[in-house]
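Have the sequence and the model open as you read.

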Amino acid sequence: MAQEKQEKTFFKWISDPEKWRKWVVIFGLAGIVLIFLSGFFGKTQKEEKIENSEPASVTTYAQQLEEKLCGMVDVITGQSGAQVILTMERGTEQVYATEQKKSTESAGEKQSDDTETTYILVKKADGSQTALAVTELEPVVKGVVVVCPRGDETEIRQSIIDALTTVLHISSARVCVLCAN
């Protein structure tokens, strides 16, 4: 009997809409406070990486590429000591979203076309505006000089030229392979 009375009071307590409203309001306010406080704590590592990921400078890009190509040439020749020097045609280039407005005016037999191009701007959280980047073009290699052991052997030279033209998407006229003595 005491258990039935306890169950009735428990069910009565649960079914009371006023108490439910109080708890929903309390949990809702607690959630809002937690969301508000989360803005004051440090950013996650992933967010920091995204904000700090600036395009590498052309020289850094070229140096990293030269190191990789030296390793590749060492494997082709079977000996270490290869040196690779790159010349760059252009650096990293950003391509931004644009909007074009064309207007045509005709007065009698004469017709004029005007085109106005504007960049699409995006507002950041701090209120500043920046152009909307569509893509980033990598630096373009203009030419390559390779100095390596066995660079005077025709078969090795051709293998190096084939590898470099494939990897860098350049013509063989832009590759010079020399022998290190």
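## A tour of the chain

Tyr-96 is partly exposed, with a relative accessible area of 34%; buried means under 20% relative accessible area, exposed over 50%, and partly exposed in between, with a 1.4 Å probe and protein chains only. Please keep in mind that this is a predicted model, where local features need pLDDT of at least 70, side-chain atom pairs count only at pLDDT 80 or more, and totals for chains, interfaces and linings use all residues. Residues are numbered from 1 along each chain as its sequence is written, and side-chain values use heavy atoms, with hydrogens and water left out.

**The tyrosine pair**

Tyr-96 has a ring partner, Tyr-119. Their ring centres are 6.1 Å apart and the planes stand at 90°, so the pair is edge-to-face. Rings of Phe, Tyr and Trp (its six-membered ring) pair if their centres lie within 6.5 Å; planes under 30 degrees apart count as stacked, over 60 as edge-to-face and the rest as tilted. By this rule the count comes to 1 aromatic pair. Since Tyr-96 sits in strand β2 (residues 93-96) and Tyr-119 in strand β4 (residues 110-119), the pair ties together parts that are 23 residues apart in sequence. Tyr-119 is exposed, at a relative accessible area of 53%.

**The overall layout**

The chain has 5 helices and 9 strands. Helices (H or I, at least four residues) and strands (E, at least two) are DSSP runs, numbered from the N terminus. Starting at the N terminus, the elements run α-α-α-α-β-β-β-β-β-β-β-β-α-β. Of the 181 residues in the chain, 16% are buried. Contact means heavy atoms within 4.5 Å. Among contacts between residues at least 6 apart in sequence, 62% join residues at least 24 apart.

**The open sheet**

Which strands make up the open sheet with mixed pairing, and in what order? There are 3 strands, in the order β1-β8-β9. The edge strands, each pairing on one side only, are β1 (83-90) and β9 (175-179). Neighbouring strands of this sheet are turned by 10° against each other on average, direction ignored. Two strands pair if DSSP finds at least two bridges between them.

β1 runs antiparallel to β8 (residues 140-148), and 7 bridges join the two. β8 and β9, in turn, pair in the parallel sense over 5 bridges. Some bridge partners are handy for finding your way around the sheet:

| Residue | Partner and its strand |
|---|---|
| Thr-87 | Gly-143 in β8 |

Helix α4 (residues 58-77) lies across β1 and β8, running at about 140° to β1. Axes here are lines fitted to C-alpha atoms, for helices over the stretch in contact, and angles run from 0 to 180 degrees between N-to-C directions.

**The nonpolar core**

A nonpolar core is a set of buried Ala, Val, Leu, Ile, Met, Phe, Trp, Tyr and Cys residues joined through side-chain atoms within 4.5 Å. The largest one has 19 residues, and Val-144, Val-146, Ile-160 and Leu-168 touch the most other members. Elements giving two or more residues to this core are α4, β1, β8, α5 (154-168) and β9. The largest share, 5 residues, comes from α5.

Take Val-146 as a worked example: leaving out residues up to four places away in sequence, Val-146 touches Val-73, Gln-83, Val-84, Ile-160, Leu-164, Cys-176, Val-177 and Leu-178.

A polar atom of the Thr-77 side chain lies 3.3 Å from the backbone oxygen of Asp-74. Neighbours within four places in sequence aside, Thr-77 is in contact with Cys-148, Pro-149, Arg-150, Ile-156 and Ile-160.

Arg-150 belongs to the loop between β8 and α5 and is partly exposed, at 30% relative accessibility. Most residues other than glycine have a negative phi. Arg-150, though not a glycine, has a positive phi of about 65°.

His-169, also not a glycine, has a positive phi of about 55°. His-169 is found in the loop between α5 and β9 and is exposed, with a relative accessible area of 72%.

Methods: Polar contact = N/O pair within 3.5 Å; in protein donor to acceptor, adjacent residues only side chain to side chain.
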